[in-house]
Amino acid sequence: MPGWAQAAQQPTVEELQRRLEALERRLGAAPAEAPAGEGLADLDQRLRVIERKLEIQDEERVAKAKETPVVAVNDKGASLKSADGAYEIRLRGLLQGDGRFYIGDDAVPQNDTFLIRTARPIIEGSLGKLLAFRFTPEFAGDSASIVDAYFDVRFDPAYTLRVGKFTSPVGLERLQSSAALADTERALPSELAPNRDIGVQLQGEVAGGTFSYAAGIYNGTVDGRDAVTSNPDNEFEYAGRVFFEPFKNDASAWSGLGFGIGASVGDKQGVGNNFLPRYRTPGQVQFFNYRSTAAADGRNLRWSPQGYYYHNAFGLLGEYIVSRQEVALGANRADLENKAWQATASYVLTGEDASYRGVTKPSNPFGKNGGWGAWEVVGRYGVLEVDDAAFPLFASADVAARRVEAWTFGVNWYLTSNLKLVFNYSQTRFDGGALNGGDREDEKAVISRLQVAF
């Protein structure tokens, strides 16, 4: 009985031949005809040889896959990554073309113009698990410059060391990407916050990202501007920021709440634009500057409470900032305190989620299945006040305004995740800034922007 069962389970010559032909096709070889008189043992041996060859092919395929770089091109740009993911280079970009048109500018005429506001190729990536980098040149404007040039030593998500040129951690809107701004230009408080600086910074996130911090030492830069290539006065600036998102990981209505404070302190010594700031309107027209003979001569202190709240289609961002600077002109000295605040509200009409990073992806991209992209309306109001003690000694009341109020209404059309159209109307009212103590005429500006980001 057992012998009959074993015989019944033995494959026939025809069955082995069919299996051999199927395996030879997988191996890429033409099925061979069975030699005359070939028995079961011969066919079984041939079968074992072919199966081993197939195993070797599979092993080689897996080994090759582990060594083959991964190339990806999508709406986030292009990337080349090592098979293990440790090494990566990403190519991204930001291009912004603006149209600026001024209405009723009789007393202080401005040129209506089209311009390339931003033209930035972005190269970033990682060199192993420990090191990351970013390099961003800027080709808009009269000459090329470097916006970002830094590397991160990623010891742990809780503590990463950043070295190079990057955005100072003081202002909330200053830390927001240019591509994600609710309006074409940043609000008035950003005129008091430092922009990009050169230095060393320790940063990190803990508690599942609900708390983040940054603190460092920098060359120091004036309000609203980038640092120059070196330290012009041999003085350093110390800056830091803490930010809380206590409900970030909750599925509650408060998950989009964030708040914190940033600050900086340092000495500045010198005359000129590298030491004392100039302030601009949302229409990018200068409304305040110090006299050319005035000098920064001592402590510069900034502090800025800040926060935002995003829930579904609604967004609200606000910040307040104070910038104090000791100044001198001859034997005269003063400790001047300038301050500004703003609130920006937004609502996405088409239902996508609002966020600090903007509307990242329309639900119905333009041109796809009849989609029209995402539409967002934005309203903003802000105030900047210059210390009264700046006038008339350190600044001329005939050309520099004491106080400005600016409101902006905007519509953002996100056609796709890469293409955005922005339309802003901004009106700014001035206290002072005209001859004989008069008020400068209101600035009324229409600004449009075509943005391509990837």
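Reader: Is Glu405 buried or exposed in this predicted model?
Author: Residues are numbered from 1 along each chain as its sequence is written, and side-chain values use heavy atoms, with hydrogens and water left out. In this predicted model, local features need pLDDT of at least 70 and side-chain atom pairs count only at pLDDT 80 or more, whereas totals for chains, interfaces and linings use all residues. Buried means under 20% relative accessible area, exposed over 50% and partly exposed in between, with a 1.4 Å probe and protein chains only. Because the relative accessibility of Glu405 is 19%, this residue counts as buried.

Reader: Which residue forms a salt bridge with Glu405 at 2.8 Å between the closest N and O atoms?
Author: A salt bridge is a side-chain nitrogen of Lys or Arg within 4 Å of a carboxyl oxygen of Asp or Glu. Glu405 pairs in this way with Arg403, whose closest N and O atoms are 2.5 Å apart. At 2.8 Å, the partner of Glu405 is Arg429.

Reader: Where in the chain does the salt bridge between Glu185 and Arg449 place Arg449?
Author: The side chains of Glu185 and Arg449 meet in a salt bridge at 3.4 Å, N to O. This pair links distant parts of the chain, 264 residues apart, with Glu185 in the loop between strand E7 (159–167) and strand E8 (196–206). Strands are DSSP runs of at least two residues, numbered from the N terminus, and Arg449 lies in strand E20 (residues 443–453).

Reader: How many salt bridges does the count come to?
Author: One network of salt bridges links Glu88, Arg90, Arg92, Glu124, Arg134, Asp148 and Arg196. By the rule of 4 Å, the count comes to 29 salt bridges.

Notes
Helix = DSSP H or I, 4+ residues; strand = E, 2+ residues; numbered from the N terminus.
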